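Let me put it up and jot down what I look up.

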Amino acid sequence: MQESGNFRERRVFTRFSVNIPATYVDPILNNTVDAHTLDISAAGLCLLTDKKLDVGVNLEIRLHNCEEITAKGKVIWIESTDDYKYRIGIKFDGPRLNPIALILRRIQSHINNNPSY
């Protein structure tokens with residue numbers, strides 16, 4: 001962990017900036033909501049979405065990254081953005097994801113879809 005002035009880094013796992021399409025079911029309206037990741041680690045992720053969620057809400061998130069990956073987690077923070085969207089911090093329940101594998105699959109998919117890359 002890193003300390004600097006009044007800031008103390010609390011993350012145990014490295015967070016990777018990656019844009020992966022995602023969906024989750026709105027716990028109130030029970031409809032599917034589109035989102036995408038802003039970053040991901042083995043312990044959680046940050047989603048960008050149009051819907052506001054409450055801290056403490058449990059979600060099942062589907063990441064659409066070549067194949068569908070499902071993860072369950074809990075909203076631990078929320079922040080509104082200037083463009084009327086919400087950044088939502090999710091902490092995973094149970095087994096951890098391997099963000100390196102997700103990122104490498106995302107890169108491979110991009111290369112396969114854009115051969116001149």
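First, a term: I call a residue buried under 20% relative accessible area, exposed over 50% and partly exposed in between (1.4 Å probe, protein chains only). With that, 33% of the protein's 117 residues count as buried.

Ground rules: this is a predicted model, where local features need pLDDT of at least 70 and side-chain atom pairs pLDDT 80 or more, while totals for chains, interfaces and linings use all residues. Numbering starts from 1 along each chain as its sequence is written, and side-chain values use heavy atoms, leaving out hydrogens and water.

Layout next. I find 1 helix and 9 strands, taken as DSSP runs (H or I, at least four residues, for helices; E, at least two, for strands) and numbered from the N terminus. The order from the N terminus is β-β-β-β-β-β-β-β-β-α.

Then I looked up threonine 37, which sits in strand β5 (residues 32-40). Threonine 37 counts as buried because its relative accessible area is 1%. Its side chain reaches the backbone oxygen of valine 18 at 2.6 Å and the backbone nitrogen of isoleucine 20 at 2.9 Å. Leaving aside residues up to four places away in sequence, threonine 37 touches Val18, Asn19, Ile20, Leu45, Cys46, Leu47 and Leu63; touching means heavy atoms within 4.5 Å.

Buried, exposed or partly exposed: what is isoleucine 100? Isoleucine 100 is partly exposed, because its relative accessibility is 40%. Isoleucine 100 belongs to helix α1 (residues 99-113).

Key
A polar contact is a pair of N or O atoms within 3.5 Å; within protein, one must be able to donate a hydrogen and the other to accept it, and residues adjacent in sequence count only if both atoms are side-chain atoms.
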